[in-house]
Amino acid sequence: MVTILANGFVPESLAECLELKAKRSLTPYAGGTDLMIEEDRGGQYLFLHKIPELKRIREDDDNLYFGAACTFTELLESALAPAILKAALSRIAAPAIRNTGTIGGNIGNGSAKADSALIFFVTDSALKLSGSKGERLVPIQDFYLGRKKLDLQPDELISEVRMPKKWLSKYDYQKIGARKSLAISRLSFAGLFAEENGAITHCAVAFGAVSDVIIRRKDLDSLLIGKTIPDAKAAKSAYIKAYEEAIVPIRGRVSAEYRKETCLNLLKDFLNKMGI
Amino acid sequence: MADSMTFILNGKETVYSGSATARLLDVLRNEYNLTGVKCGCKEGECGACSVILDGRLVNSCMTAMGRVAGSGVVTIEGYRETERFKALDKAYASVSAVQCGFCIPGMVLASECILSKNAHPTEEEIREGISGNLCRCTGYNAIVKAIGIAAKEGDGLW
Amino acid sequence: MKEISKSVRKKDHASKMSGGAKYVADWSADGALYGRLVRSPYARARVLDIHLPEMPEGCFAVDRRDVSGENRVHIVMDDTPVYAGETVEYIGDPVLMVVGHDEKETARLAKAVKVDYEELPAILNIRDYETVFFDYNYGKGDAQKAFAEADKVYEEEFQTGYQEQAYLETQGMIAQYRDGKMTVHGSMQCPYYVHGAIAKALGFTPDKVRVMQDTTGGGFGGKEAYPSILACQTAVAAYKAGGKPVRVIYDRREDMEFTSKRHPSLCTYKVAVKDGKVIAMDIDILFNSGGFTTLSAVVLQRGIIAASGVYNIPNLNVRGRAVKTNTVPTGAYRGFGAPQTFFAVETVMNHIAKDLGVEPLEFKKNHMAKQGDATSTSGKYHFPVPLPDMIEEVEKASGYYAKREEYRKPQTGRYRRGIGISLWFHGAGFTGSGERDFIKAVVKLHKFADGKVEVLVSQTDIGQGIKTTLSKIVANELNVPLDKVFCENPDTDHVPDSGPTVASRSLMTVGELLRRAAIKLRGQWVDGEEQMVEEHFKEPDFIIPFYIEKFRGDAYPTYAWAVAAVELKVDTLTGVHEVVGAWGSFDVGTSIDLNIVVGQMEGGFLQGLGYSSMEQMDTDAKGRIRNNSYSDYIIPTSVDVPNLQVIMHEEEYPDGPYGAKGAGELPLVGVPAAYISAMEQALNGVNLYHAPFSTEDTMKALREVL
């Protein structure tokens, strides 16, 4: 049943929710932690906290599924959430924000500073977008079209994140904030790595809070995949050089130079840690 | 035609028929006169407006009223009636952890959320638990100590 | 421990703990009007015309034409207008106030006001100054001769940035004009400052103005002078509001962007060394005052008096200037000018020691002043200087020497460590003869027939616990239980002017007056009778008179002392620095309440660590403060410095109550020097010249040294 309020709707199922979204111009309200910062907030909200479909955390053989309205705290408390995701979530803001902020909201806000989105990039997660005409699954990298520009239709909602289970075990996560808590990322790095019988089977890195969109370059990472460790060592400088060109930082409270230098330092450190 | 919504405010069923987009902080302060809920920034950055929503600490400035529909909200005005508050009150007083006092209502509710999750937290867990509640006066040591004392002295309450 | 030092339950604990304490924003807004300031978007401009939008019934605006008295806020020089005059002098300079029925309507109307400006050239950088607000010069010995005879002369320039008080409660004021009297209450440190300012701005006699302090959510200097400005603006609006209260409560961004903060500084030190000892200093200090003088004169005075640090420098020449820029006016912040110069003097001493191949702490020990030595202003350190013992205490707690030695060795790997130490004092109470010539504090004790005693002073409890400590002193002398003595938030209709709550003076000066008043009352005590006693300030006999024109004599009766060590871990990949430990020994004389004093030291120490590192605030190319929110002006959280340790050292001051002296400001003052010294060590011994020091600064320095 939908509770209809002045300036807001509280649906209790995904079907109700999508029906409302299709008919009206409503701002989805997930955790509210980005939305509520604005002083002059007009319009009407579509509250997502009572929709069971958006709160589910489940798995199958190949994938983990996180409902978009799961809060950071709910995921931190879930046995299914992988360590790399928890590493990032545990450093978001502070407890009160983690208790309300959701992954769907974090992604949907469209910022390259979104700490959970960085993990979804590096893990090659896909987003389930639900709309009045059905669902579609979009790789997160394709979902971000530019700064605050998303591949999302007016009738659609981010309903779930699908994260492949493979390659999650060996990871690196680094966040640079202005302090240890309550910090917005000034730079963040995530990497995944796997090797089998001396050959690199997987390598993925992503850089957050550097450009308009989180940087994830599979084409560059493929320079290392399939190589033996000695071969990878030989290719290391070319790999780093490729990222040096690929990373074009924007300037904010910290300079573009700082961002670039630190990104490359963290990339090199990641390779060191992985034995390259 | 809008429905009104109900929520449990400090243990009492409460009917609200105002805007769903209004800040919980403003509604608590202006409509229910719960001025123990402090406004420090309206941006989720200071924790002075912390309340407990369905058992979890949240910033009331970052919470729209629609989110509260059907939920339970506890502010310092409700919490101060509990035995747990008395234990915290005694502990905070014993180390003079209250200076200007503006962060304190939020800090007390953060203390409750630390202890209700873990009755015997380490110092690190205490620090983490109040890490979203800025205090400019104390340097935090006394507050951290107070929560530790409350955990010990109030053993069994949490 | 002395009996008086034993901690008690704070007088204001219960009301604050339970959320019941009433801060200014907690007053019911029923029937009140809301005021919102319209501010200049230009750093400097001529105000040509003001166009108001159509004002709904009961809404109105006030500007300088509505100021019934003088359009000047009484602070020191009274150059700050209540509302902008013909020109605006910084971005944020208030031109008018719009008053409306509710917050939203008032904000909408304020936004709709159109002001025509003619933009004028502005000065934004301290180095480009044209107007010098204050220019002081003093010295001793023969600096010129000493420099001529020196083996080596060092010259270095140091810079410090803004620091924002970031009290949790923003500024706020409510004013109401009824029956010929203006009543103003709000968040403030100094009710009588506000009182005097309103009387002047409205042209009222003092009896027609009443000021009351509401429970105040932190001040740190930020609510010393600024509330006078806001109160005048609000009172002018209330005068026009037909008896309705007008409330102005700042939001965080308005507060951070437009209220006073610590002066940025630029200090040049020339130091003459002969036979391994500093024989002279020639010091040039610039403080950035912003658009108006506010408290700059007195901030600068304290800064330049502290310029040669805790050292006995025989030949000294100090010049200090507070200069005008078209930026937000700077003012009082815990330490009041001394943090800037202590950073410079401690750092230059470190650099010289390094150049001479001496451990800085040993070098400093060779120059430390001791009891009986002359101060920078040719006054005298009348009482023991406990620094040697305090250094021992900090060494013991921190392991300074061993770590210093260890980290001196070449370091490799991702993380580098460093430890630094600094020594400082804080002159207790007002500078010079201010207490005797201007403040002339009066305190009263009112004994009721039932034996309860009310402390009547204008001191405000802004969190520092003054209600508790003053009550303790009175209860102790009267030999009555503490709950028989009480102290309310001051109301100028009810309390005498015992001076402002600033300068670490309240406990030492007002506390001593109350102690004497209590002794008097004890002597006259009659059970069952209502009685009143009064006590007036008297300067201690030992003081060498201070002459401000010459900066000569005892600038302070006594000094609070501090030694602090800071250990850092620096990430060479990211530039992130983390405080591994911070240890401080603080001498504020007798602690009137140990918990309260330790709380002051811990809080101030952490503010000092923030000032050294994450608390970065700057103006943009147009002169606007760009770090105007808690997400952009970063103050420490509970997890940033988990290892912060405070040691109390007690060197009693005979003229303070039970040996107490000034406390509140001390713990912040010298922290940046210790922090930067630790940073230098972690960065292969490079010399650094500014604070705060950011992660990005670290990366820049690393590029040079790695």
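Predicted model: local features only at pLDDT ≥ 70, side-chain atom pairs only at ≥ 80, totals over all residues.
Between domain 1 of chain A and domain 2 of chain A, the count is three salt bridges. Nine residue pairs, both members at pLDDT 80 or more, are in polar contact between domain 1 and domain 2 of chain A. By class, the domain 1 side divides into 14 nonpolar, three polar and five charged residues.

The domain assignment places domain 1 of chain A at 3-164 and domain 2 of chain A at 173-273. Their C-alpha centres lie 26 Å apart, and the contact takes 22 residues from domain 1 and 26 residues from domain 2. The area buried between these domains is about 2000 Å², of which carbon and sulfur atoms give 63%. R91(A), A112(A) and L118(A) supply 32% of the area that domain 1 buries against domain 2, more than any other three residues.

Chain A also meets chain B, in a contact that takes 35 residues from chain A and 34 residues from chain B. The area buried between the two chains is about 2700 Å², with carbon and sulfur atoms giving 55%. L5(A), M36(A) and L182(A) supply 19% of the area that chain A buries against chain B, more than any other three residues. Across this interface the rule finds three salt bridges. R179(A) forms a salt bridge with E45(B), their closest N and O atoms being 3.8 Å apart.

Key: Residues numbered from 1 in each chain as written. Chains lettered and ligands numbered in written order. Heavy atoms only, no water. Contact = heavy atoms within 4.5 Å. Buried area = accessible area lost by both parts, 1.4 Å probe. Salt bridge = Lys/Arg side-chain N within 4 Å of Asp/Glu carboxyl O. Domains from an automatic or database assignment. Polar contact = N/O pair within 3.5 Å; in protein donor to acceptor, adjacent residues only side chain to side chain. Nonpolar A, V, L, I, M, F, W, Y, C, P; charged D, E, K, R; others polar.
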